[in-house]
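Subject: Structure handover

Hello,

The sequence and the structure are below. My notes follow, so please read them with the model open.

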Amino acid sequence: MRKKIVAGNWKMNCLLEEGQKLTSEIVNMIKDEPIKDVKVILNPPFVHLHGVKKLIAGVDNIALGAQNCSDKEAGAYTGETSAAMLASFGAEYVIIGHSERRSMFNESNELLTEKTKQALSNGLTPIFCCGEPLEIREADTHEDYVKAQLTESLFGFSEEEIKKLVIAYEPIWAIGTGKTASSEQAQDMHAAIRKHLSSKYGEAVAEEISILYGGSCKPSNAKEIFSKADVDGGLIGGASLKSRDFVDIAESF
Ligand code: PGA
């Protein structure tokens, strides 16, 4: 059985008190309305990791993640944060290759391989993001585009390593735009991703890997999207900043 996951990506939002309030509200709701069989992951900015970790302590199905990590182990890299540090602060997951980092910080497929290596060697589960821009979708070459992202960054990993990943499919045209992929578009791409993983690692391995959908996911569309066979949950941006919406999404399976 693949893990069902709802991960909140706060991006660069929340001052100290806002982040604490958001986390406490989520924790209280999940204590009151236990969500069975769904892993809820909070991915706040680095400065919140320690505080959020304390607030979620003891709540079984909530875990901590980060939004990025360095491709280097340690040393003179001012402003960077290593995967080892994240692990030492209690993070279990790390988002790698979000489209905002690919486009605004020029993160290449090669660099993302290095970040994924760092995450894995420090015991973190990478939530590896892929997804196409609008012009690629309109040209109907989106499957090839996403497959190439995965091949170039990930296909050097072993079967044991790849099994540890979570993949997030996030069509760039749907991120923060209010425009969601239809559940059929999501399912088609998720199935294509799984088939691609299967072509390299075999079906049994591909069947074990959770593939999340991201892009304007909200309580009103999560149920329909999560009902699809190859959609194992969501990576949630905007709606993860509203406790009620985020927990409602986690309850949408
Ligand atoms: P969104 O962001 O839910 O605000 O569209 C998703 C993401 O970027 O992870």
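Helix 4 gives the most to the lining of the largest pocket, with 3 residues. Helices here are DSSP runs of H or I with at least four residues, strands are runs of E with at least two, and both are numbered from the N terminus. The space in this pocket is about 420 Å³. It has 13 lining residues, and the closest to its centre are K11, M12, Q67, R101 and F105.

This is a predicted model: local features need pLDDT of at least 70, side-chain atom pairs count only at pLDDT 80 or more, and totals for chains, interfaces and linings use all residues. Residues are numbered from 1 along each chain as its sequence is written, and side-chain values use heavy atoms, with hydrogens and water left out.

How the spaces are defined: on a 1 Å grid over the protein atoms alone, a cavity is a set of points where a 1.4 Å probe fits but cannot get out, while a pocket is an open set with protein on both sides within 12 Å along at least five of seven lines. Lining residues have an atom within 4 Å of a point. Points are joined across faces, edges and corners, and a volume is the space filled by probe spheres set on them.

Now the annotated site. An unreviewed UniProt entry places "active site" at H98 and E170; such annotations may be inferred rather than shown by experiment.

H98 sits in the loop between strand 4 (93-96) and helix 4 (99-104). At 5% relative accessibility, H98 counts as buried (under 20% relative accessible area; exposed is over 50%, partly exposed in between; 1.4 Å probe, protein chains only). Leaving out residues up to four places away in sequence, H98 touches N9, K11, C129, E170 and I175 (contact: heavy atoms within 4.5 Å).

E170 lies in the loop between strand 6 (166-169) and helix 9 (183-201). E170 is buried too, at 5% relative accessibility.

Last, helix 2 (residues 49-56). L49, V52 and I56 are buried there. The buried residues of helix 2 pack against helix 1 (16-32), strand 2 (38-43), strand 3 (62-66) and helix 3 (83-88).

Best wishes
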